[in-house]
Amino acid sequence: LLTILTSMFMHAPGVGIPYLSFHLIVNMFVLFSLGNFSEKIIGKKRFIWFYLIAGIVAGIVTVLFSYFFGNFDLGIRIFGDPSIPGVGASGAIFAIAGLFVILTPKLKFMIIFLPFFTLPAYIMIPLVLFATWLVSAGTGLPIGNTAHFGGFIVGIIYGLYLRKKYYKKILM
């Protein structure tokens with residue numbers, strides 16, 4: 001059970017697949033930028049707990065979905081292979097992104113590699129989530145799509161909770 005927590009502090013090496021090293025760099029960049037901004041919005045202590053819980057939930061979602069649905073080729077492409085260990089911070093990072101969709105839906109986002117292309121958070125973040133899933137399913141890359149989705153849902157739920165609790169402080 002401890003690996004559900006520790007897996008979000010590890011990452012697969014980029015040996016043989018340059019994408020994995022690139023993925024780590026992108027994860028850290030997004031964590032630095034969105035994490036820093038969300039910490040200012042919700043506070044340091046709340047952010048740490050949110051990040052840890054989101055990463056744990058994303059890990060559990062990955063284990064459950066790959067176990068129950070990853071037993072055939074299409075299931076592996078969509079939900080992941082239960083024989084491949086899941087590591088990385090993507091689930092917790094997508095939780096931060098999900099939080100942004102709710103707390104700052106009109107905030108314009110751009111992909112760092114496409115600086116001329118900006119969209120509001122409520123469009124850009126689900127678009128990136130879907131595009132990542134599509135690339136993974138199409139190429140067979142072992143991307144933790146269910147962790148991304150699980151974390152995103154955690155962020156949405158927590159964002160809705162915060163928006164309801166602090167409705168006077170939320171800019172829509």
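So, secondary structure to start: this protein has seven helices and two strands, and please keep in mind that we are looking at a predicted model.

Helix α5, which covers residues 90-103, packs against helix α7, residues 145-165, at an angle of about 35°, and their axes are 6 Å apart. Which residues of α5 and α7 make the contact? On the α5 side they include Gly91, Phe94, Ala95 and Gly98, and on the α7 side they include Ala147, Gly151, Phe152 and Gly155. As for the handedness, α5 passes α7 in a right-handed crossing.

Let's step back to the whole chain for a moment. Take the contacts between residues at least 6 apart in sequence: 66% of them join residues at least 24 apart. Of the 172 residues, 38% are buried.

And the outside? The protein exposes about 10300 Å², with carbon and sulfur atoms supplying 76% of that area. One place to look is a nonpolar surface patch of about 600 Å², made by Ile60, Leu64, Phe65, Tyr67, Phe68 and Phe69.

You will find Tyr67 in helix α3, residues 44-69. Is Tyr67 buried or exposed? Its relative accessibility is 55%, and the cut-off for exposed is over 50%, so Tyr67 counts as exposed.

Methods
Residues are numbered from 1 along each chain as its sequence is written. This is a predicted model: local features need pLDDT of at least 70, side-chain atom pairs count only at pLDDT 80 or more; totals for chains, interfaces and linings use all residues. Side-chain values use heavy atoms; hydrogens and water are left out. Patches are made of residues with over 30% relative accessible area and no salt bridge: like charges are joined within 9 Å, nonpolar side chains (Val, Leu, Ile, Met, Phe, Trp, Tyr) within 5 Å. Accessible areas come from the Shrake-Rupley method with a 1.4 Å probe; for residues, only the protein chains shown count as cover. A salt bridge is a side-chain nitrogen of Lys or Arg within 4 Å of a carboxyl oxygen of Asp or Glu. Helices (H or I, at least four residues) and strands (E, at least two) are DSSP runs, numbered from the N terminus. Buried means under 20% relative accessible area, exposed over 50%, partly exposed in between (1.4 Å probe, protein chains only). Contact means heavy atoms within 4.5 Å. Axes are lines fitted to C-alpha atoms, for helices over the stretch in contact, and angles run from 0 to 180 degrees between N-to-C directions. A crossing is left-handed if the near helix is turned anticlockwise from the far one by less than a right angle, and right-handed if clockwise.
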